[in-house]
Amino acid sequence: MLSLLLLASLPSALCANERATLEETAARIEHAYVIEAEAQRIAGELRALSANADHAGECMAREEFARALTRTLRDVSGDGHFYIEVEKRSEGDDWITSWRASGFKRGQGITRVEILDGNIGYIRIRSFYELEAAYPHLRGAFDMVASTDALILDLRSNGGGSSQTTWPVQWTFLEPGSPSPMTMQSRLEGTKPREEPPVLWERYGTERPLAILIDHNTFSAPEAVAFTLQLAGRATIVGERSGGGAHMLDDGDDLTTGFTLYTPTSRPLSVATGSNWEGVGVGPDIAAEPEEAIGRAAEALRKQLARLTAPVE
């Protein structure tokens, strides 16, 4: 039966190129999407839409069709990482290249670093740019808070980025040489352990209190940081439930019909639970509205510091 979600996003009449795009998208997803059973179901939805569409339709504007198909893929799969765009004829015009280039004007994602009252450090990261470009900024940020007694890591409205950057950020707060908390699973490579990465800046360590701020716009890569450190008992999570995007993208596949498809092909899984945060997000330990999140986090950290420094009776 054809999904009503599909009908809500794409018109019932499609031109030949649009039908071919659906067929080719279905084939790519069937081959590579991270969850095999879901890949079969999503591909079947797309093929059903192509087969049942009115074949006399005129082609939509290409950008409009790309947006409609992106919405369709996300609605049917529940996976917010799916994306399709018009193939860019000039090298470097695709959205990933544009995002990477934007880091030079955005501090490679580091937008605020300071020392709050009570010697509590604060770092805000709005995006996890590629490690090669971001590491000097991350090194500077962690150097600035190196002598603080506690730290707030603010990942609110951070929509994602590179796992090659988030992974060492997580290990900044874990014990060197400890067992890896996550594995990586893909259709093409199976399940592999995630090895401890080199950390190119001063580690904050495992002893000082840590709070991580998240909200409903925290999605994908920053969720990995919050999820891993919460599960390890290393961080107190403050704010709102995050967006729920655990799956990971490769670079796009150019379709023969003039579009580029970005398919989630891998996912991290907890070694301890075999789970991740896909579709459910990371829940806060302390719920807080945006305007009170920093204050609530600082209060929680001060209480932890008081317990750590209280004399033993």
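Which residue in β7 is the bridge partner of Ile-152? Hold that question for the second stop of this tour.

The model is predicted, with local features requiring pLDDT of at least 70 and side-chain atom pairs counted only at pLDDT 80 or more, while totals for chains, interfaces and linings use all residues. Residues are numbered from 1 along each chain as its sequence is written, and side-chain values use heavy atoms, with hydrogens and water left out.

**First stop: the three-stranded sheet**

Select β1, β11 and β10, which in that order make an open sheet with antiparallel pairing; helices (H or I, at least four residues) and strands (E, at least two) are DSSP runs numbered from the N terminus, and two strands pair if DSSP finds at least two bridges between them. The edges are β1 (83-86) and β10 (253-254), each of which has a single partner strand, so one side of each is left without a neighbour in the sheet. Between β1 and β11 (residues 259-262), which run antiparallel, there are four bridges, and Glu-85 can be found opposite Thr-260 in β11.

Helix α4 (residues 62-77) is the next selection, lying across β1 and β11 and running at about 170° to β1. Within α4, pick Leu-69, which is buried, with a relative accessible area of 0%; buried means under 20% relative accessible area, exposed over 50%, and partly exposed in between (1.4 Å probe, protein chains only). Apart from neighbours within four places in sequence, Leu-69 is in contact with Leu-10, Thr-21, Leu-22, Thr-25, Leu-46 and Ile-84. The C-alpha atoms of Leu-69 and Leu-22 are separated by 8.5 Å, although these residues are 47 residues apart along the chain.

**Second stop: the six-stranded sheet**

Move to the open sheet of six strands in the order β2-β3-β4-β7-β8-β13, where the pairing is mixed. Here β2 (110-116) and β13 (286-287) stand at the edges with a single partner strand each, so one side of each is left without a neighbour in the sheet. Strands β4 (residues 150-154) and β7 (residues 210-214) run parallel and are joined by four bridges, and the bridge partner of Ile-152 in β7 is Ala-211.

Select helix α8 (residues 221-231) over this sheet: α8 lies across β4, β7 and β8 (236-239), running at about 140° to β7. Nine of the 11 residues of α8 are buried, so the helix is largely enclosed by the rest of the structure; among the buried ones are Ala-224, Phe-227 and Leu-229. To see what covers them, display elements including α7 (163-171), β5 (182-186) and β12 (264-270). Just after α8, Gly-233 takes a positive phi of about 70°.

**Last stop: Ser-127**

Finally, centre on Ser-127, in the loop between β3 (120-125) and α6 (131-144). Is this residue buried or exposed? At 11% relative accessibility, Ser-127 counts as buried. Its side chain makes a polar contact with the side chain of Trp-99 (3.1 Å), a polar contact being a pair of N or O atoms within 3.5 Å, where within protein one must be able to donate a hydrogen and the other to accept it, and residues adjacent in sequence count only if both atoms are side-chain atoms. The backbone oxygen of Gly-160 lies 3.4 Å from a polar atom of the Ser-127 side chain.

Conventions. Contact = heavy atoms within 4.5 Å. Axes fitted to C-alpha atoms, helices over the stretch in contact; angles between N-to-C directions.
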